[in-house]
Amino acid sequence: MDYIIETKDITKKYDDFTAVNSVNLKVPRESVYGVLGPNGAGKTTLISMLCTILRPTSGTATVNGYNVEKNAKEVRESIGIVFQSRALDDILTGREHLEMHAALYGVPQKVRQKRIDEVLDLIALGSKADEYVKTYSGGMKRRLEIGRGLVHRPKVLFLDEPTLGLDPQTRENIWEYISKLNKSEDITVLMTTHYMEEADKLCDEVAIMDQGQIIMADSPLNLKRELKADTITIKVDKQDLFINKAKKLDYVKKIYSEDSYIKIMVERGENLIHQLVNFANQNNIMVESIELQHPNLEDVFISYTGTSITEGR
Amino acid sequence: MPELEGIYTIWLRETKRFIRYRSRILTSVVTPLLWLLIFGTGLGSAVRFGGNLPGGYQAFIYPGIIGQTILFTAIFSGVSVIIDRQYGFLKEILVAPITRPSIIFGKAIGISTAAVIQGIILLLLSFVVGVQMTPIIFLASFLLMIPISVGLAGVGLLIASFTDSMEGFNLIMSFVVLPMFLLSGALFPVTGLPTLLQGAVYLDPLTYGVDALRQIILGYGAIPLYISVTVILVFAAVMVFISALAFNKREQELM
């Protein structure tokens, strides 16, 4: 496997507080990789070290084959960054932000205008491109920042909480935009987030981070599968009879009633729906409705860290 | 030449900011005019100065007020890096693949441009205080204002690199800007002062700037011109160098 980012026991300490504790991260080329964790988990610190903003206390990291400490300049040329907090100048226009960025990153004069036009097209600022940023909406500002990170055609785009503080509709737009980007350009996206839904929808692979450490890393699907906790919700005409009979089935891990519904905890629920319906029929029980629910990343997070992501610490 | 282009880009942004904040340009011209017209006329007619001041008190403080305008603009623009930092824009510049000295140099000449534009406006208004302006005086003053403002911008940038928030603004005003202004001899002749005060006056880099401007514009001063000019040039170079060092060293804290 070809990894564009690799860290080896990377650690950042502040006095006696360890923000990032020997993290080993491997990000496959051209993937969307998510670092998921609650506020204060060390996500931003980790990303800052990979962006050469912070120097690691110990351990090493390479980005696009360059060491983040020894070849900081080459790393910077290979990456685009969208910070968690806004990094725009109110009194410049969107186009000027892109022009300035292109100049700072040494985009050749010949292709500069073309690149800027391409990016403006992509982020769909329309006529707003030539207005001051202070007139932009939150979503436009974010799009501009993402677009700016792309002007110099980076190999890796870092997004630190890209949809923090945006309304749900804008958030969906940004998601759509990031997946479109990942498909159309040969770019790797490394993003941090504390939104489960975001990681679930966007990321090919997710690393769960808590208290400075990576607890688990895999695809969202595998992570959820690992939990072995699908829920089947079933509604039948003879509720008590069904529960009594179904209790004895070996694939049923847990069964209980909730109002007029029965909840059954199983593994790999998609293979069992058919069997459950047959089982009910054999016992002359009528199934009125049946529904399968996979665990979400929130459940995964709780099972690995013991706390809900939104609770924080 | 990626570094040169980086310097140019940072200069361009600084200059755009200055031109787009029109209210700033207006106040930067009105404030010195108030000093010249009200303070200059008032004190000039109330007090007789020991030495003779050719052209009167208003003319005497005219180069001083130009110096003051450059001082305020340069230091506050330098300190405004703190605001850039709070708004996060500094990060965008600091993570770019260009060297810290280029960033500082670009900033310093950008700030200098803003300060010199204000100085030029004041030079053009010399008739208000009855001072004659010739092309040579104009050109020489213009050239002199460049290193003065670059050096003072360096002071502002240095302060910014060690300050976390604009809360320290009043401290900077009381401990840096006002003393530099008052000790510079902008408002009174620096010869014949009590020894302690005299020493402080000669430690103030702005003293040399104001005195050199006064010699060029009015034809008299307290320090030989070549000494003043040398001090100003050295001051500018040293301040840019030190603030570049400070940014290099404090890079992590600044982001």
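**A visit to chains A and B**

Visitor: How many helices and strands are there in chain A?

Guide: Welcome! We are looking at a predicted model. Chain A has both kinds of element, with 15 strands. Its helices number eleven.

Visitor: What box do the C-alpha atoms of chain A fill?
Guide: Picture a box drawn along the principal axes of the chain. The C-alpha atoms of chain A fill one of roughly 75 × 50 × 35 Å.

Visitor: What percentage of the residues in chain A are buried?
Guide: A residue counts as buried if 20 or more other C-beta atoms lie within 10 Å of its own. Chain A has 313 residues, and the buried share is 41%.

Visitor: Which helix supplies the largest share of the side of chain B that touches chain A?
Guide: Start with the whole contact, which takes 21 residues from chain A and 19 residues from chain B. On the chain B side, helix H5 (89-94) and helix H1 (2-20) each supply at least two residues. The largest share is eight residues, and they come from H1(B).

Visitor: How many charged residues has the side of chain B that touches chain A?
Guide: Let's sort that side by class. Eight of its residues are nonpolar and four are polar. The charged ones number seven.

Key: Residues are numbered from 1 along each chain as its sequence is written. Chains are lettered from A and ligands numbered from 1 in the order in which they are written. This is a predicted model: local features need pLDDT of at least 70, side-chain atom pairs count only at pLDDT 80 or more; totals for chains, interfaces and linings use all residues. Two residues are in contact if their C-beta atoms, placed from the backbone, lie within 7 Å. Helices (H or I, at least four residues) and strands (E, at least two) are DSSP runs, numbered from the N terminus. Ala, Val, Leu, Ile, Met, Phe, Trp, Tyr, Cys and Pro count as nonpolar, Asp, Glu, Lys and Arg as charged, and the others, Gly among them, as polar. A residue is buried if 20 or more other C-beta atoms lie within 10 Å of its own, exposed if 12 or fewer, and partly exposed in between; C-beta atoms are placed from the backbone.
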